[in-house]
Amino acid sequence: MKKKDIRHYYKDRRSQLTAAQIEKMDDLMLIQFQKLAVETPSLLMTYAAIQQLREFDPQLITDFCFFRNPDLQLLYPVMDALDGKNELIAVLVNDDTTFNLNEYNIPEPIDGQDVSPSSIDMVIVPLLGFDSRGYRVGYGKGFYDRFLQQCRPDCIKIGFSYFEPVPIIEDICQYDIPLNFCITHETIYAF
């Protein structure tokens, strides 16, 4: 399948999920994450889910990481789309951080300290779908692929999906960055 077809297909499938189905799958994905044999990060970049798109909300995952490491520091992305750059800035947040909706209706921190991508231990990457090789399909602007290119090679890139992978995304390009893991409610995919 091509990226645009995957976007359309999985947006439609997610829109058909009930709140009860999402809640159950979220709990099962947390259990899968707890089985993952990786070190709990010290610096974790996550994202604020787009609720109206029924996007996976990583809050359960970050809460578990806080339980495992009370010194965990969380980062959230801020999109810089000026002049067509389509770049993400990682911003350190705390309990007092205020979030506002950006032009894409995505909650972003409005204050906080910018952090270099090279210092991040783990990135929870939003996605619409993924393939059996670990490549993902996002919303089509390339923000995350450009950001992930700046991360350390040992930075863990992880996605969560309500659906199983497609066999192959046909139009992967040289700038697409694969995930290390993708978790569904049924299993952990390692790439």
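Residues are numbered from 1 along each chain as its sequence is written, and side-chain values use heavy atoms, with hydrogens and water left out. Since the model is predicted, local features need pLDDT of at least 70 and side-chain atom pairs count only at pLDDT 80 or more, while totals for chains, interfaces and linings use all residues.

In soluble globular proteins, nonpolar side chains tend to be buried together. A nonpolar core is here a set of buried Ala, Val, Leu, Ile, Met, Phe, Trp, Tyr and Cys residues joined through side-chain atoms within 4.5 Å. Buried stands for under 20% relative accessible area, exposed for over 50%, and partly exposed for values in between (1.4 Å probe, protein chains only). The largest nonpolar core has 56 residues, and the members that touch the most other members are F33, M45, I120, V123, F147, I158 and F160. Helix α2 (residues 19–35) supplies the largest share of this core, five residues. Helices (H or I, at least four residues) and strands (E, at least two) are DSSP runs, numbered from the N terminus. With neighbours within four places in sequence left aside, F33 is in contact (heavy atoms within 4.5 Å) with I61, F64, C65, M122, I158, F160 and I183.

Two packed helices are described by the angle between their axes and the distance between the axes. Axes are lines fitted to C-alpha atoms, for helices over the stretch in contact, and angles run from 0 to 180 degrees between N-to-C directions. Helix α2 packs against helix α3 (residues 59–68) at an angle of about 35°, and the axes are 9 Å apart. This crossing of α2 and α3 is right-handed; a crossing has that hand if the near helix is turned clockwise from the far one by less than a right angle, and is left-handed if the turn is anticlockwise. On the α2 side the contact involves D26, D27, M29, L30, F33 and Q34, which meet L60, I61, F64 and C65 of α3. Sorted by class, the contact of α2 with α3 holds seven nonpolar, one polar and two charged residues. In this sorting Ala, Val, Leu, Ile, Met, Phe, Trp, Tyr, Cys and Pro count as nonpolar, Asp, Glu, Lys and Arg as charged, and the others, Gly among them, as polar.

Side chains of opposite charge can pair when their charged atoms come close. With a salt bridge defined as a side-chain nitrogen of Lys or Arg within 4 Å of a carboxyl oxygen of Asp or Glu, the count comes to four. One of them joins the side chains of D176 and K3, at 2.7 Å from N to O. D176 lies in the loop between β10 (156–160) and β11 (181–183) and K3 in helix α1 (residues 3–15), so this pair ties together parts that are 173 residues apart in sequence. Both D176 and K3 are buried.

A salt bridge also links D121 and R152, whose closest N and O atoms are 3.1 Å apart. D121 is in the loop between β6 (113–115) and β7 (122–125) and R152 in the loop between α4 (143–148) and β10, so the pair ties together parts 31 residues apart in sequence. D121 is partly exposed at 24% relative accessibility, and R152 is partly exposed with a relative accessible area of 24%. D121, R152 and D154 are linked in a network of salt bridges. D131 pairs with R133, the closest N and O atoms being 3.1 Å apart. Here D131 is buried at 0%, whereas R133 is partly exposed at 36%.

Two residues other than glycine have a positive phi: R54, at about 55°, and N105, near 70°. R54 is placed in the loop between β1 (43–45) and α3 and is partly exposed at 30%. N105 is placed in the loop between β4 (99–101) and β5 (107–109) and is partly exposed at 37%.

C182 lies in strand β11 and is buried, with a relative accessible area of 0%. Beyond four places in sequence, C182 touches L127, F130, G159, F160, S161, T187, I188, Y189 and F191. N69, in the loop between α3 and β2 (73–80), is buried at 14%.
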